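Dear colleague,

I am handing over the structure shown below, which I understand is new to you.

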Amino acid sequence: MRIAFLVNSIEGETSYYTTTSLALAALGRGHEVCYVTPGDFVLRPDNSLLIRATTLNGSKPKKPETLLNALKREQAKVMTIDIREIQVLFLRNDPSEDAESRPWAVYAGTNFGRLAAAAGVIVVNDPEGLALAQNKLYFQGFPETVRPTTLISRSIDEIRAFIEDHPDGVILKPLQGSGGRNVFKIRSKGEANLNQIFEAASGAGYLIAQNYLPEATAGDIRLFLMNGRPLERKGVYAGFRRVPAKGDVRSNLHASGTAEPATITPQVLAIAEKLRPKLIEDGMFLVGLDIVGNTVLEVNVFTPGGFPEIASIHGVDFSEDVVIALEDKLRIRQLYVGAVSNRALATL
């Protein structure tokens, strides 16, 4: 099986990314791996779809650093291949990273992913589902019982009124964004620098204001779901607690958050179960939930990370489980010869 990973840029990939762990797991199980970026698609006049894929030139690295060095050095082999020569296209790019500097790249994964799926390639997460999730409005489609109270607006007057209604404070962040960028805690509508915060956070468009959850001071739980269900092996769940740095409201690992063990309780599993129907309907193969108490703060469907941290904490690398699941999907695709849609196959 040949698996192509779509990433924002090969230069930006790091050894601690979950994508790196997935690629190593695929190599370890005897598969071929290549990397593709948003600018590497080619649609020819005869409607054939090709990709300019960066390959490992026959090497089979076993360590993250060796893998990335092989991809990034000048000797890396770039091949233009028909999309039908790969079996799986794994969409692991973060559109929000390109929103300002490369707006043309934002929809490349979902648009070309649709064409790849039509050509018979297994595309995960399903590009049609991901197209619905290009920003945090997607989150509003999940049950109200598991969501924070939320306002979406570009009006500072609306935001001030929302803050007044929530004496414990409000979290303000961009509708389009990830990685903890421009996330602020507002304690009251009289916050001295509210206007400056509003200007900074609203630069990319609409804002989300959510009621602050005091339990968030202890961090949140990142729990992975695969095929709509919590990812688990022999009683160990693919989950961990993300703890914010002192004085910071963000628990994102890229924003100085740290990873610690988490207890995945029946309560947490019940929350995940409430999200399962929509995730399956939308073909969301691999998802990361961020949970505080009884509330889901985020549903991460593009590039959920944390597998290396889970492996460090629990000694379990769930990347292999993901690759095995892709192998199963390929067998189903070959058995049914296109009779099962990509969206359905993505969560089977």
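**Findings**

Helix α6, which comprises residues 156-164, lies across strands β8, β9, β10 and β11, and runs at about 165 degrees to β8. A further helix, α7 (residues 194-201), lies across β9, β10 and β11, in this case at about 145 degrees to β10. Please keep in mind throughout that this is a predicted model.

An open sheet is formed by four strands in the order β8-β11-β9-β10, with antiparallel pairing. Its edge strands are β8 (150-153) and β10 (184-186), each of which pairs on one side only. From one strand to the next, the twist averages 25 degrees. Within this sheet, β9 (residues 170-174) and β11 (residues 207-211) are joined by five bridges in the antiparallel sense.

**The chain as a whole**

The protein chain contains 11 helices and 19 strands. Its radius of gyration is 20 Å, which agrees with the value near 20 Å that a compact globule of 348 residues would have. Taken along the principal axes, the C-alpha atoms fill a box of roughly 60 × 45 × 40 Å. Of the 348 residues, 52% count as buried. The accessible surface comes to about 15600 Å², and carbon and sulfur atoms account for 49% of that surface.

I would next draw your attention to strand β4, which spans residues 49-55. Six of its seven residues are buried, so the strand is largely enclosed by the rest of the structure.

Its pairings are as follows:

- Strand β2 (residues 32-36) is joined to β4 by two bridges, and the two run antiparallel. In this pairing, T54 in β4 stands opposite Y35.
- Strand β3 (residues 41-43) pairs with β4 over three bridges, in the antiparallel sense. Here F41 stands opposite I51 in β4. The hairpin of β3 and β4 has five residues between the strands, and N47 takes a positive phi near 70 degrees in it.
- Strand β5 (residues 77-82) pairs with β4 in the antiparallel sense over six bridges. The bridge partner of L50 in β5 is D82.

**Helices α1 and α2**

How are helices α1 and α2 placed relative to each other? Helix α1 (residues 18-28) packs against α2 at an angle of about 95 degrees, and their axes are 10 Å apart. That makes α1 roughly perpendicular to α2. The residues that meet are T20, A23, L24 and L27 in α1, and P64, L67 and L68 in α2.

R73 is found in the loop between α2 (64-72) and β5. With a relative accessible area of 44%, R73 is partly exposed. Although R73 and E11 are 62 residues apart in sequence, their C-alpha atoms are 9.8 Å apart in space.

Is N93 buried or exposed? N93 counts as buried, at 3% relative accessibility, since the cut-off for that class is under 20%. The residue lies in the loop between β6 (88-91) and α3 (95-98). Leaving aside residues up to four places away in sequence, N93 touches L6, V7, N8, F302 and T303.

A270 has its place in helix α8, which covers residues 266-281. A270 is partly exposed, with a relative accessible area of 38%. Between the C-alpha atoms of A270 and R154 there is a separation of 34 Å, and the two residues are 116 residues apart along the chain.

With kind regards

Definitions and conventions. Residues are numbered from 1 along each chain as its sequence is written. This is a predicted model: local features need pLDDT of at least 70, side-chain atom pairs count only at pLDDT 80 or more; totals for chains, interfaces and linings use all residues. Side-chain values use heavy atoms; hydrogens and water are left out. Two strands pair if DSSP finds at least two bridges between them. Axes are lines fitted to C-alpha atoms, for helices over the stretch in contact, and angles run from 0 to 180 degrees between N-to-C directions. Contact means heavy atoms within 4.5 Å. Buried means under 20% relative accessible area, exposed over 50%, partly exposed in between (1.4 Å probe, protein chains only). The radius of gyration is taken over C-alpha atoms; the globule rule is 2.2 Å times the number of residues to the power 0.38. Accessible areas come from the Shrake-Rupley method with a 1.4 Å probe; for residues, only the protein chains shown count as cover. Angles under 35 degrees count as roughly parallel, over 145 as roughly antiparallel, 65 to 115 as roughly perpendicular and the rest as oblique.
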